[in-house]
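Please read these points with the structure open beside you.

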Amino acid sequence: VYSPDYNITFMGLEKLHPFDAGKWGKVINFLKEEKLIADDLIVQAREATDEDLLVVHTRRYLNKLKWSFVVAAITEIPPVAFLPNFVVQRKVLKPLRTQTGGTIMAGKLAVDRGWAINVGGGFHHCSSDKGGGFCAYADITLAIKFLFERVQGVSRATIIDLDAHQGNGHERDFMDDPRVYIMDAYNRYIYPGDGFAKRAIKRKVELEWGTEDSEYLQKVHTHVEGALNEFKPDIVVYNAGTDILDGDPLGGLAISPQGIVKRDEVVFRAARSRGVPVLMVTSGGYQKRTARIIADSILNLHSLGLLGRDRPACALGSPSLQHTVTDSAKDFSNLSLQ
């Protein structure tokens, strides 16, 4: 699931944050170069409307985003504070709303087809009434709430958050919700350090500075398996941040590109072997090479048959499956994303 509208470009302002604000398009381009997908095999994400966002967000919070200085604080790009808000809405928030719509659509696709990947999304620091850390909309919470409310047979969800940072947004949103099980593995010393939100984590994996592949992959395997054995979900939402990569300026971990590819494989194998649909979002990742790694991981999942034709159809499937895939997303978007 993708749209060219995901990418943030405006007078170079996006370069003032370490985030590669064009990485989503680069992932798609790499997948096209490898002949895995073509334009007609991409489900076009649609921008989430205010009506959609109000399923989770408070009106008060959405009104706050009409102040440019608030958006500047959330995105950590100070000059945004001096831009007219109509420019901020169009150039900064619309891309994030479109990625949020993509996550909601991908949730329905995952349930219908066994898996789906939103090439964007994963705004795990945003909760219903507070944004932060480049996260203005709570797309993970929204996707799960939409599935609970609108898709029969989906009443239990597991969030597996493997971004380098604690996912305090969805944790605050699902603090007292027994339908949602959260596993979170993160660098214990970095942002956000949200002690209150940690109370929502059912399986907490706190990592040390500079954690490397062998220790990391062993912990991921053990705890992903343990999480899915402990709680039987109807959907897994996998926050696949690549800011665990060695050298990331914010993540503080030391995982190799091959380690990231293997990590994603571990999660998909665990979910698919149990017949649990998996929705993947790409979340954080602050180096130019992360787009190539995300693409390589998707190619690896495909080569291993975890996205193959012998399994449910999906957005990156064969041309013969494309109409059923886009129809599936449209069926859901008729209920939302008008």
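**Notes on the model**

1. The crossing of α10 and α11 is right-handed. A crossing is right-handed if the near helix is turned clockwise from the far one by less than a right angle, and left-handed if it is turned anticlockwise. Helices (H or I, at least four residues) and strands (E, at least two) are DSSP runs, numbered from the N terminus.

2. This is a predicted model, in which local features need pLDDT of at least 70 and side-chain atom pairs count only at pLDDT 80 or more, while totals for chains, interfaces and linings use all residues. Residues are numbered from 1 along each chain as its sequence is written, and side-chain values use heavy atoms, with hydrogens and water left out.

3. Two packed helices are described by the angle between their axes and the distance between the axes. For helix α10 (residues 257-273) and helix α11 (residues 290-303), the axes cross at roughly 45 degrees and come within 9 Å. Axes are lines fitted to C-alpha atoms, for helices over the stretch in contact, and angles run from 0 to 180 degrees between N-to-C directions. The two helices α10 and α11 are therefore oblique to each other. Angles under 35 degrees count as roughly parallel, over 145 as roughly antiparallel, 65 to 115 as roughly perpendicular and the rest as oblique.

4. Which residues make the contact of α10 and α11? On the α10 side they are P257, I260, V261, D264, E265 and F268, and on the α11 side I293, D296, S297, N300 and L301. Contact means heavy atoms within 4.5 Å. By type, the residues of the contact of α10 with α11 are six nonpolar, two polar and three charged. Here Ala, Val, Leu, Ile, Met, Phe, Trp, Tyr, Cys and Pro count as nonpolar, Asp, Glu, Lys and Arg as charged, and the others, Gly among them, as polar.

5. D264 lies in helix α10. Is D264 buried or exposed? Its relative accessibility is 3%, so D264 counts as buried. Buried means under 20% relative accessible area, exposed over 50%, and partly exposed in between (1.4 Å probe, protein chains only). The side chain of D264 makes a polar contact with the side chain of S297, at 2.6 Å. A polar contact is a pair of N or O atoms within 3.5 Å; within protein, one must be able to donate a hydrogen and the other to accept it, and residues adjacent in sequence count only if both atoms are side-chain atoms. Leaving aside residues up to four places away in sequence, D264 touches Y238, A240, M280, S297 and L301.

6. A second pair is helix α5 (residues 85-113) and helix α6 (residues 139-150), which pack with their axes 8 Å apart at an angle of about 40 degrees. That angle makes α5 oblique to α6. The crossing of α5 and α6 is right-handed. T100, T103, I104, G107, K108 and V111 of α5 make the contact with D139, L142, A143, F146 and L147 of α6. The residues of the contact of α5 with α6 are six nonpolar, three polar and two charged.

7. Some loop residues have backbone angles to check. F134, in the loop between β1 (115-118) and α6, has a phi near 75 degrees, a positive value in a residue other than glycine. F134 is buried, with a relative accessible area of 6%. Phi of S283 is near 55 degrees, which is also positive in a residue other than glycine. S283 sits in the loop between β6 (278-281) and α11, and at 5% relative accessibility it counts as buried. Y191 and P192 are joined by a cis peptide bond, with omega about 5 degrees; P192 is in the loop between β3 (180-187) and α8 (195-198).

8. Q287 is in the loop between β6 and α11 and is buried, with a relative accessible area of 15%. Q287 touches L245, D246, G247, D248 and P249, not counting residues up to four places away in sequence. A polar atom of the Q287 side chain lies 3.3 Å from the backbone oxygen of D246.

9. For the whole protein, there are twelve helices and six strands. Of its 338 residues, 64% count as buried.
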